[in-house]
Amino acid sequence: MASIAIVGAGLSGLRCATLLQASGHDVEVFDRASIIGGRMRTDEVDGFLLDHGFHVMQTAYPTSQRAFDFKAMGALAFEPGAVLVQNKKNRSKFWTMADPFRRPFQGVMSGLNRFASPFDLFRVARLRFAVRRGKQADVFHGNNATSKEYLLNRGFSSAMIERFFHPLFSGIFLEDELRTNERMFRFVFRMMSEGDMVLPEGGIAAAPMQLAQRLGDDRIHLNSAVTVIDDTTVDIDGQLRTFDAVVRAFNPHQSKEKRHVWTLHFAATTSPLKSKHVLLNADVKIKNGLIAHLAVPSDVQPTYAPVSKSLVTITVVGERADALGLLDAASVELAVREEASRWFPEASEDWNLLATQHIEHALPEVGPEVTLLSDRRSTGFECGDHTLHGSVEGALRSAESVAQAVDAHLRG
Ligand SMILES: Cc1cc2nc3c(=O)[nH]c(=O)nc-3n(C[C@H](O)[C@H](O)[C@H](O)COP(=O)(O)OP(=O)(O)OC[C@H]3O[C@@H](n4cnc5c(N)ncnc54)[C@H](O)[C@@H]3O)c2cc1C
């Protein structure tokens, strides 16, 4: 039995640890934080579950299907598609954009007809066909242009890009230009069209928790800041320890990652939405708006709010707030209330702010300069989403491949 230290109890570290433990190794996980989960955390505030940033699990991710038991998590799904909101003079208009392939009886993207041409609708169908063709790894082949260039090359109108793709994908990539590598766009679009976006009963933290439970509490050491000395030695809070192998499950350059996001959680007496969709702000780019999207997690997963209350979660991409000169929590909150109250008048006074989260260094930069691959680039024992791409799939896939490499190395 070989001894292995895993530094980082985020999703990648925990997944790598469970796999190596299942292969018969003696695994210990160290994290400098006081709780597990890394970027996947949930706080409980006044009976509400507040995830750190709006965060969903995608049931179509192949690694998630292997790693998690969604049923045991009590995961419940958003409706496919989205609701779009657009301000017209003094009124706001809402359109439901049902996914015509999975909810054919809810109308074929009726909302999009307001600003997208029939050609755009046809292009969505073609895009869907193109990204779903072949193996999943195929979406990581081809060009490395930006997502925006990709959409323009596929012939989408700028109205369609700015009113639909921008609010949706800027809120996923956490950047305001759609500069993320087109391979990532194709991957996410494919996953969204193949599976559901779900929320676990216990909040997003239930995902790392499920992995940690398999490992056992005695295998995880929190409040332990580690410096990796070499492939077998670590310094844990000033004490040197030697293992047969050391895995780095953290991004050593995370403090340089620029993508950041503001997430505001409000308690409301009733849900402002009539369906279990995410609401996209179709004006965010065209009219210099602020909010990318709004969701009501408690409509989907009732555990997110106490009985007869609703949790409203609003996402503001950090670069958008920066561009508008909104640099602190108070000014972001003021501007969010102002914008949201144009859609829902009760937002100005009746919504009670539960938390404003500013999540810095949220995701790794994966622009056109990075050739994204479907598998890990690095050959060392380092995993995490930064070694592949910023997503649960990136974190888990890299963990699986490092676990295999470590196991093979230890077995000679
Ligand atoms: C706001 C937000 C929303 C997101 N939404 C989604 C989504 O909807 N869908 C999706 O697929 N992905 C989403 N993601 C991305 C996803 O959360 C991450 O890709 C994933 O959690 C990364 O896991 P990780 O293990 O690679 O890194 P991390 O979670 O960052 O874990 C690294 C761990 O290492 C620890 N550590 C670092 N240095 C040391 C040290 N020296 N000693 C000890 N411990 C150390 C840290 O404390 C941390 O716990 C989102 C991310 C954010 C921030």
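Predicted model: local features only at pLDDT ≥ 70, side-chain atom pairs only at ≥ 80, totals over all residues.
**Entry 1: helix 5**

I then compared the span of the helix with its number of residues. Helix 5 covers residues 158-173, which makes 16 residues, yet its end C-alpha atoms are only 19 Å apart. A straight helix would reach 22 Å at 1.5 Å a residue, and helix 5 falls short of that.

I next asked how much of helix 5 is buried. The count is 14 of its 16 residues, so the helix is largely enclosed by the rest of the structure. Just after helix 5, I noted that L174 takes a positive phi of about 60°.

**Entry 2: two further residues with positive phi**

I looked up L178, which lies in the loop between helix 5 and helix 6 (182-194). L178 is not a glycine, although its phi is positive, at about 55°. Is L178 buried or exposed? I recorded 22 other C-beta atoms within 10 Å of L178; a residue is buried at 20 or more, so L178 counts as buried.

I then turned to S308, in the loop between helix 8 (297-300) and strand 18 (310-317). S308 also is not a glycine, and its phi is positive, at about 60°. For S308 I recorded 7 other C-beta atoms within 10 Å; a residue is exposed at 12 or fewer, so S308 counts as exposed.

**Entry 3: strand 7 and its partners**

I moved to strand 7, residues 81-88, and found that it is mostly covered, with six of its eight residues buried. On one pairing, strand 7 meets strand 8 (residues 91-98) in the antiparallel sense over eight bridges. Within this pairing, V85 stands opposite F94 of strand 8. Two residues separate the strands of this hairpin, and K89 takes a positive phi near 45° there.

Strand 7 also pairs with strand 16 (residues 279-281), here in the parallel sense and over three bridges. In this pairing I found L84 opposite L280 of strand 16.

I traced an open sheet of three strands, with the order 5-9-6 and antiparallel pairing. Strand 5 (57-58) and strand 6 (76-77) stand at its edges; each has a single partner strand, so one side of each is left without a neighbour in the sheet. Strand 5 is joined to strand 9 (residues 197-199) by two bridges, and the two run antiparallel. Q58 stands opposite M197 of strand 9.

A second open sheet has four strands in the order 10-2-1-14, with parallel pairing. At its edges I found strand 10 (220-221) and strand 14 (245-248), each with a single partner strand, so that one side of each has no neighbour in the sheet. Strand 1 (residues 3-7) runs parallel to strand 14, and four bridges join them. A5 has V246 of strand 14 as its bridge partner.

I followed strand 11 (residues 226-228) to strand 12 (residues 233-236); three bridges join them and they run antiparallel. They form a hairpin with four residues between the strands, and T227 stands opposite D235 of strand 12.

Strand 12 pairs with strand 13 (residues 239-242) as well, in the antiparallel sense and over four bridges. The bridge partner of I236 is Q239 of strand 13. This hairpin has two residues between its strands, and D237 in the turn has a positive phi of about 45°.

**Entry 4: around the ligand**

Which of the 32 residues around the ligand come nearest? They are G8, G10, G38, G53 and G384. The elements that give two or more residues to this shell are helix 1 (11-22) and helix 11 (392-410). I sorted the shell by class and recorded 17 nonpolar, eleven polar and four charged residues.

Key. Residues numbered from 1 in each chain as written. Near = placed C-beta within 6 Å. Nonpolar A, V, L, I, M, F, W, Y, C, P; charged D, E, K, R; others polar. Pairing = 2+ DSSP bridges. Expected span 1.5 Å × (residues − 1).
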